[in-house]
Amino acid sequence: MRVLGVDPGLTRCGVGVVEGVAGRPLTLCGVGVVRTPADAELGLRLVAVEQGIEGWLDEYRPEYVAVERVFSQHNVRTVMGTAQASAVAMLCAARRGIPVALHTPSEVKAAVTGSGRADKAQVGAMVTRLLRLDAPPRPADAADALALAICHIWRGPAKNRLQQAAGTDGHRATAQNRLQQAVAAHAARHATKGRTA
């Protein structure tokens, strides 16, 4: 399983690709940060985040995308930027038909370190150990993206089995198929218009 983890942010959006299965050694495929200038216009920053994530999807072709679930914080402005970057990541994946999973920060910390209250240094140290790296990835956003990917590799299959057992996947899959067909039809119409223009 190859997973692109995305730690959403407007100024720094952490991205990391990990490959492996639960119970076996994991492999780091790539890690980095998509950056946008803080003084740029919001629309242009979102386009830059989109282009950055599209580049990662093109290069690494992940089977899943794991994005940190955005929670309300005291700083509403920060949370808005994080939510917008998160939406861009989900949009990029959905456009390609790649399944997206949302994981809470405490879920990721618990999966990687064993404690949902671990700090960034502990998460970075465990990511370094699990991926057999020489040093923690910098900045912390990059390490967080890798932690998201690791969390999904370890917990994603179990979540999918629980959803199937609960019988919720059938209705969701049907609605998702209809939506994907509508998106594909819309894209095809626009592609045809572009060729005839």
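# Questions about the fold

Guide: Strand E4 (residues 64–68) and strand E5 pair in the parallel sense, over 4 bridges. The model is a predicted one, in which local features need pLDDT of at least 70 and side-chain atom pairs count only at pLDDT 80 or more, while totals for chains, interfaces and linings use all residues. Residues are numbered from 1 along each chain as its sequence is written, and side-chain values use heavy atoms, with hydrogens and water left out.

Visitor: What makes E4 and E5 a pair?

Guide: Two strands pair if DSSP finds at least two bridges between them. E4 and E5 have 4 bridges, so they count as a pair.

Visitor: What is counted as a helix or a strand?

Guide: Helices are DSSP runs of H or I with at least four residues, strands are runs of E with at least two, and both are numbered from the N terminus. The chain comes to 6 helices and 5 strands. Along the sequence they follow the pattern β-β-β-α-β-α-β-α-α-α-α.

Visitor: In what order do the strands lie in the sheet, and which are the edge strands?

Guide: The open sheet has 5 strands in the order E3-E2-E1-E4-E5, with mixed pairing. Its edge strands are E3 (27–35) and E5 (100–103), and each of these pairs on one side only. The twist averages 20° from one strand to the next.

Visitor: How do you know that the pairing is mixed?

Guide: E1 and E2 pair in the antiparallel sense over 6 bridges, whereas E1 and E4 run parallel and are joined by 4 bridges. Arg2 stands opposite Glu19 in E2, and Leu4 has Val65 in E4 as its bridge partner. E1 and E2 also form a hairpin, with 4 residues between them. In general, strands of a sheet pair through backbone hydrogen bonds, either parallel or antiparallel.

Visitor: Why is E1 called mostly covered?

Guide: Buried means under 20% relative accessible area, exposed over 50%, and partly exposed in between (1.4 Å probe, protein chains only). In E1, 5 of its 6 residues are buried. Over the 197 residues in the chain, buried residues make up 36%.

Visitor: Is Val49 buried or exposed?

Guide: Val49, which has its place in helix H1, has a relative accessible area of 0% and is therefore buried. Not counting residues up to four places away in sequence, Val49 touches Gly9, Leu10, Val34, Thr36 and Val88; contact here means heavy atoms within 4.5 Å.

Visitor: Why is Ala94 called partly exposed?

Guide: Ala94, in helix H2, has 46% relative accessibility, so it falls between the two cut-offs and counts as partly exposed. The C-alpha atoms of Ala94 and Val65 are separated by 9.5 Å, with the two residues 29 apart along the chain.

Visitor: Why are H1 and H2 called oblique to each other?

Guide: Axes are lines fitted to C-alpha atoms, for helices over the stretch in contact, and angles run from 0 to 180 degrees between N-to-C directions. Angles under 35 degrees count as roughly parallel, over 145 as roughly antiparallel, 65 to 115 as roughly perpendicular and the rest as oblique. The axes of H1 and H2 come within 9 Å and cross at roughly 40°. H1 and H2 are therefore oblique.

Visitor: Which strands does H1 lie across?

Guide: H1 (residues 42–60) lies across E1 (2–7), E2 (12–19), E3 and E4, running at about 165° to E3.

Visitor: What makes a group of residues a nonpolar core?

Guide: The members must be buried Ala, Val, Leu, Ile, Met, Phe, Trp, Tyr or Cys residues joined through side-chain atoms within 4.5 Å. The largest such core has 19 residues, and among those with the most contacts inside it are Leu4, Ile53, Trp56 and Val65. E1, E2, H1, E4 and H2 (76–95) each supply at least two residues, and H1 gives the largest share, 5 residues. A second, separate core of 18 residues includes Leu146, Ala149, Ile150 and Ile153. In soluble globular proteins, nonpolar side chains tend to be buried together.
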